[in-house]
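I opened my notebook today to look up a few things in one protein chain. Here are my entries, in the order I made them.

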Amino acid sequence: LTFLNFIISDQGNIDIIGFLKQIQSNPRIIPQTKIQGAIITIVDKEKVTMKIKCDSLSIINSNQNSSSPTILEGRVRAVFFDENQDSVSVLQSDMAEYIENYSLVAKNNIIVYNVQTKDSLFFINKESEIEWNDMLKKIQSNDQFILKNQDECTTGSSFYSNVDLTDMKISNPKGSNRCE
């Protein structure tokens, strides 16, 4: 939300409504911005659902109404929280693109792990991508992965799951009790 404050004087020749319409028809441009050690906190119904930390955050020149991504680089770490505000899982990557109220797409050297069960998911190709969908509160990827839980490993060509790696739908699953 953007708030504008106006001081209205007794000058009769100021067209405030025309001025407001002009602002509305020309959304402000957000200049390129870089923030070191940034933290993004995502709140839903007054509860924190995720905190994303990174070494640097870049906003590319864009209109405030566009869905241009915010670029997160260097040790990106997204911590997901449950309804009790307890951390349930962590997603780590080298970089990510975040679009407010839509998604987080993490890229390169991705690891996802469940804080309670210690299950972990990582990718065969270091250049893989994983997407968190804000509306569905799910993560998914179309890249080959390995899911390690206790003494078992499962591989697959793609998956769709809750952020804590439960309720997974895996394409082409293969299991093994030997993890490499």
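**Entry 1: the whole chain**

What percentage of the contacts in the chain with a separation of 6 or more comes from residues 24 or more positions apart? I found 40%, where contact means heavy atoms within 4.5 Å.

A note to myself before going on: this is a predicted model, in which local features need pLDDT of at least 70 and side-chain atom pairs count only at pLDDT 80 or more, while totals for chains, interfaces and linings use all residues. Residues are numbered from 1 along each chain as its sequence is written, and side-chain values use heavy atoms, with hydrogens and water left out.

Helices (H or I, at least four residues) and strands (E, at least two) are DSSP runs, numbered from the N terminus.

Then I checked burial: 32% of the 180 residues in the chain are buried. Buried means under 20% relative accessible area, exposed over 50%, and partly exposed in between (1.4 Å probe, protein chains only). The chain exposes about 11800 Å², and 48% of this area is supplied by carbon and sulfur atoms. These areas come from the Shrake-Rupley method with a 1.4 Å probe; for residues, only the protein chains shown count as cover.

**Entry 2**

Strand β3 (residues 39–44) pairs with β4 over six bridges, in the antiparallel sense. Thr-41 has Lys-51 in β4 as its bridge partner. The hairpin of β3 and β4 has two residues between the strands, and Lys-45 takes a positive phi near 55 degrees there.

β4 also pairs with β7, again antiparallel, over four bridges.

I stopped at Ile-71, which is in strand β7. Is Ile-71 buried or exposed? Ile-71 counts as buried because its relative accessible area is 15%. Leaving aside neighbours within four places in sequence, Ile-71 is in contact with Ser-56, Leu-57, Ser-58, Ile-60, Met-95, Ala-96 and Glu-97. One of these, Ala-96, is 25 residues from Ile-71 along the chain, yet their C-alpha atoms are separated by 6.1 Å.

**Entry 3: a pocket**

Now for empty space. Rolling a probe the size of a water molecule over the atoms shows where empty space is left. On a 1 Å grid over the protein atoms alone, a cavity is a set of points where a 1.4 Å probe fits but cannot get out, and a pocket is an open set with protein on both sides within 12 Å along at least five of seven lines; lining residues have an atom within 4 Å of a point. Grid points are joined across faces, edges and corners, and a volume is the space filled by probe spheres set on the points.

I looked up the second largest pocket, and its volume is about 200 Å³. Its lining includes Thr-49, Met-50, Phe-80, Phe-81 and Trp-132. Which elements give two or more residues to this lining? They are β4 (47–53) and β7 (70–81). By class, I noted six nonpolar, two polar and three charged residues. Here Ala, Val, Leu, Ile, Met, Phe, Trp, Tyr, Cys and Pro count as nonpolar, Asp, Glu, Lys and Arg as charged, and the others, Gly among them, as polar.

**Entry 4: a cavity and the strands beside its lining**

How many cavities of 30 Å³ or more does a search of the whole structure find? I got one. The largest cavity has a volume of about 30 Å³. Asn-133, Leu-136, Lys-138, Ile-139, Gln-140 and Tyr-160 line this cavity. Strand β13 (residues 138–141) gives the most to the lining, with three residues.

β13 and strand β16 (residues 158–162) run antiparallel, joined by four bridges. Gln-140 has Tyr-160 in β16 as its bridge partner, and both residues belong to the cavity lining.

In β16 I also found Ser-161, which counts as buried because its relative accessibility is 0%. β16 is joined to strand β17 (residues 169–171) by three bridges, also antiparallel. Ser-158 stands opposite Ser-171 in β17.

Methods
Two strands pair if DSSP finds at least two bridges between them.
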